[in-house]
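Work through the exercises below with the sequence and the 3D structure open beside you.

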Amino acid sequence: LNKGTYVNVFGGNDAGGLTSTSNILFKSTTAENIYGGGNKAEVVTTNVTIEGGQITNVYGGGNEAVVTTSNVDIKAGTITNVYGAGNQAGADTANVNLNNGTITSVYGAGNQAGADTTNVKAYIDTSTANIINVGNVYGGSNQSGEVINANVVIDTGTYNQVFGGNNAGGTVTTSNVTLTSGTLTNVFGGGNSAAVGTANVT
């Protein structure tokens, strides 16, 4: 997608039917919500790649439907929220890769949904500018959701705050925050206002 203005973009179906794999490539336009999954229909694997544009919410998962594995790759753009899982539905495994762009908040899991395992990674790609500016990173979810293993790896970029756990609610069993480079103001192995069982920062 590189033309037009969108309210909702779904990689999967609306109300029923299973989608095996969904692929969304968003380049240089405007959207309110991008869902790798469906509205109320399940997807097995989602792939969402953002190469530019102005977006409010990017979800690796669906709105009210679960996905098995979600993959979100942010290569450019100005985004308010990036979620590895869905809005009100989770994922077994949620992966968020950050390479370039300006983002207010990144969540490994969903808005009101968790995940078994989340992987948020800011990585270096020598073929791009690698300018990552993020306000807050959470290994877990936003408002609610249970996460078993939340993993955050920061290899590059500028961040205000990095949390291994959730933001406002839900729980994380184990969080792992690994820092190899980057500019960070505050780093917390746990969550913002949410419980974490075991928190590890290296």
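A residue is called buried when its relative accessible area is under 20%, exposed when that area is over 50%, and partly exposed in between. The model used here is a predicted one.

**Exercise 1.** Locate N87, decide whether N87 is buried or exposed, and describe its surroundings.

*Solution.* Begin with the chain: N87 sits in the loop that connects β5 (67-83) with β6 (91-98). Next, take the relative accessibility of N87, which is 11%, so that N87 counts as buried. Then list its contacts beyond four places in sequence, which are Y35, Y59, G62, N63, N111, Q112 and A113. Finally, look at the side chain of N87, which forms a polar contact of 3.0 Å with the side chain of N111.

**Exercise 2.** Classify L1 by its accessibility and find what L1 touches.

*Solution.* L1 belongs to the segment that precedes β1 (5-10). Because its relative accessibility is 38%, L1 counts as partly exposed. With residues up to four places away set aside, L1 touches Y6, V9, L25, F26, K27, S28 and T29. For L25, the C-alpha atoms lie 6.3 Å from those of L1, although 24 residues separate the two in sequence.

**Exercise 3.** Identify the residues with the most contacts inside the largest nonpolar core.

*Solution.* This core comprises 27 residues, and those with the most contacts inside it are I34, I50, V82, L98 and V106. Another core, of six residues, lies apart from the largest one and includes Y59, Y107, Y138 and F163.

Definitions and conventions: Residues are numbered from 1 along each chain as its sequence is written. This is a predicted model: local features need pLDDT of at least 70, side-chain atom pairs count only at pLDDT 80 or more; totals for chains, interfaces and linings use all residues. Side-chain values use heavy atoms; hydrogens and water are left out. Helices (H or I, at least four residues) and strands (E, at least two) are DSSP runs, numbered from the N terminus. Buried means under 20% relative accessible area, exposed over 50%, partly exposed in between (1.4 Å probe, protein chains only). A polar contact is a pair of N or O atoms within 3.5 Å; within protein, one must be able to donate a hydrogen and the other to accept it, and residues adjacent in sequence count only if both atoms are side-chain atoms. Contact means heavy atoms within 4.5 Å. A nonpolar core is a set of buried Ala, Val, Leu, Ile, Met, Phe, Trp, Tyr and Cys residues joined through side-chain atoms within 4.5 Å.
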